[in-house]
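Hi everyone, thanks for coming. Let me put the structure up, and then I'll walk you through a few bits of it.

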Amino acid sequence: METLSLLLDGFGAALTPVNLLLCLAGVVLGTVVGVLPGLGTAMAIALLVPVTFRLDPAGAFIMFAGVYFGGQFGGATTAILLNTPGQSSSMATAFEGFLMARNRRAPQALATAVLGSFLSSVVAVTLVVFFSPLMVELAVGFGPPEYFALTVLAFLATSAVVAGDVLRGLSGLGVGLALAMVGIDEQSGAVRFTLGTPQLLDGISIVVVTVGLLAIGEVLYVASRARRSPATETVASGRPWLNRRDLGRSWRPWLRGTALGVPFGVIPAGGAEIPTFLSYGAEKALAGRRGDDEFGRGAIEGVAGPEAANNATTATSLVPLLGLGLPTSATAAIMLGAFQQYGMRPGPLLFTQESDLVWALLASLFIGSVMLLVLNLPFAPVWAKLLRIPRNYLYAGIVVFATVGVYTARSALFDVLLLYVVGALGFLLRRYGFPVAPVLIGVILGPLAETSLRRAMAMSQGDVGVLFAGPFAVGIYSVLIVAVVLSAVLRPRRGRAGTG
Amino acid sequence: MTTFVRGNASRQRGEEGESTSFWTGRGELLVGMLVGSIGGFLLVRTASMDVPSSVSFLGPRFFPAVVGALLVVLGISLAVRVALAGHRTGTADAATEEPAGATGSGSEWKPLLLTAATLVAHLALLRTAGWIVAGALLFWGVSCALGSEHRLRDLGISVIVSSAVQLAFSAGLGLSLPSGLLLEVL
């Protein structure tokens with residue numbers, strides 16, 4: 001019951017005009033980047049961090065959460081109408097969704113996607129509200145050894161387990177860790193890797209790294225393959241609606257998709273992509289068992305399931321993010337970086353020290369879901385028209401926004417130089433198929449990993465055994481070993497599925 | 001070793017019939033070298049680091065040494081793998097949070113170099129010419145590099161964009177952007 005009263009207080013804080021406006025701005029922006037292929041929620045939040053630094057932190061995070069959720073709603077629209085998933089987590093939606101649109105069932109596909117997204121968001125956010133405090137209670141007893149184990153879990157999960165290629169994933173992680181070590185070492189005061197440059201004594205700002213990798217790197221990558229992209233024509237679609245029969249076919253896939261998506265948010269499995277494909281596969285198999293052969297010709301179940309799954313994963317990824325400070329996707333990693341910019345550290349302390357912020361944020365997730373339902377259900381075809389914006393203006397605008405955001409954060413030309421250098425690095429990684437998420441996780445969690453390790457060793461006077469002393473640490477390492485073994489066993493099959 | 005790589009890569013290139021630049025199939029070697037040299041840099045600078053005497057147990061050198069060694073090993077492994085496999089650029093499943101199927105064929109150099117040149121010019125002009133000029137150049141340069149069809153119209157749009165940003169940031173958010181030497185003299 002205490003949770004409920006805290007949540008009600010949160011609604012009180014989130015329902016102020018300013019916060020409602022920020023939430024609306026967030027969900028609109030999120031829908032926009034969700035609709036546009038090539039722009040992700042991670043990039044959008046990275047670009048917003050320097051600009052929102054003057055805002056009240058609660059307002060800023062309400063806006064970020066709106067972007068995070070909006071991206072999942074928007075991604076479905078273009079997947080269905082144009083076969084162009086705006087986000088990788090909408091790829092599974094495009095399979096049946098675009099076929100439905102070609103069969104003149106676009107309104108039904110859009111409706112089942114938006115309603116499924118809404119339903120699963122609400123269910124998953126409710127779970128977040130009740131499980132985050134439990135996660136916090138668990139985490140209160142965590143000391144440096146446990147935090148070190150958590151960072152190791154996040155490092156290896158994103159770089160070795162999820163990324164398709166272990167060598168590339170680990171290289172990205174190492175580069176991220178290296179970037180995070182530049183500057184004065186907090187514990188000893190030693191100056192590391194600055195090459196005598198005074199501007200580097202404070203280290204390389206997380207904002208510079210995230211914006212450089214995601215925004216500048218992406219624009220350089222787009223420039224490197226700037227063949228004229230074919231003009232996109234939106235499929236005329238009409239107002240989304242569902243009749244009784246479609247609704248009857250949709251609600252079970254919604255629930256199954258939600259159930260599949262929920263656990264994937266809590267484990268560091270790299271975001272919402274895997275559960276959407278699992279949900280698609282499950283719906284297809286169930287349809288086959290029923291003797292229903294509509295899959296491959298536009299089955300509504302194939303849209304309803306994956307869309308519910310990706311929203312559920314997005315929502316529950318907030319549990320480890322807020323409760324432990326453990327990001328499970330690139331976007332969550334940027335949000336964690338944003339907390340650090342405000343001098344806050346997600347985890348048990350956040351719930352006690354910044355209780356108002358946390359509950360306002362959680363309440364705003366419900367409000368944002370309702371806003372997204374209202375914005376997307378009647379207006380989905382309008383959003384799809386965004387694809388007519390000339391891409392050169394879009395990317396030029398991103399470069400300008402990235403540059404100005406990074407410059408104004410510290411009024412330092414040197415930061416802009418660093419931004420472009422990191423952008424060039426991001427381009428190289430992107431060009432040769434290196435995943436960016438491990439770099440981000442390395443930069444953002446690297447300092448925590450190092451300090452936890454050194455504190456643990458100082459506590460134990462140099463005895464390595466302290467790292468494996470607590471039950472939680474042992475548990476985390478066991479989870480890690482299971483994940484590594486499972487991924488090694490499953491990899492050949494996934495590889496074949498990917499090429500086939 | 002080198003000849004083997006070249007022969008292998010050019011054969012693969014012939015099969016694919018795509019762009020035939022020197023780096024086709026060997027580009028990842030560059031990344032391997034970069035990763036390895038970052039690791040080498042970490043190791044060298046760690047060895048010559050000034051460490052305060054108060055440090056006990058794991059000092060500021062331990063973590064960089066581990067990461068540096070890891071990067072050297074990874075860089076060598078990447079290079080060896082490229083050398084052994086010949087032509088194998090990005091597999092789609094490696095990248096998270098991006099649409100698959102975007103990797104593969106070679107880069108186009110002209111738009112890329114134009115974009116990079118725009119960034120360099122912006123850096124050079126930001127303090128001297130001020131934001132409105134440098135920002136407009138940034139927008140215009142990137143837009144042209146990405147294949148704009150209306151250069152003159154874009155110039156107008158660029159000036160509007162950079163002025164709007166100046167207005168929003170200085171008047172709206174109270175953050176200062178460089179006004180440039182010209183305006184300061186006036």
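So, how many residues does the contact take from chain A and from chain B? It takes 78 residues from chain A and 77 residues from chain B, where contact means heavy atoms within 4.5 Å. Quick housekeeping: this is a predicted model, with local features needing pLDDT of at least 70 and side-chain atom pairs counting only at pLDDT 80 or more, while totals for chains, interfaces and linings use all residues. Residues are numbered from 1 along each chain as its sequence is written, chains are lettered from A and ligands numbered from 1 in written order, and side-chain values use heavy atoms, without hydrogens and water.

Back to the two chains. They bury about 7,000 Å² between them, 70% of it on carbon and sulfur atoms; that's accessible area (1.4 Å probe) lost on putting the two parts together, summed over both.

Next, salt bridges: a side-chain nitrogen of Lys or Arg within 4 Å of a carboxyl oxygen of Asp or Glu. A:Asp165 meets B:Arg81 in a salt bridge at 2.9 Å, N to O.

Inside chain A, the side chains of A:Arg105 and A:Asp246 form a salt bridge too, at 3.4 Å, N to O. A:Arg105 sits in the loop between α5 (91–102) and α6 of chain A, and A:Asp246 in helix α10 (residues 244–266) of chain A, so the pair ties together parts 141 residues apart in sequence. Helices here are DSSP runs (H or I, at least four residues), numbered from the N terminus. That's my tour!

How values were computed: Helices (H or I, at least four residues) and strands (E, at least two) are DSSP runs, numbered from the N terminus.
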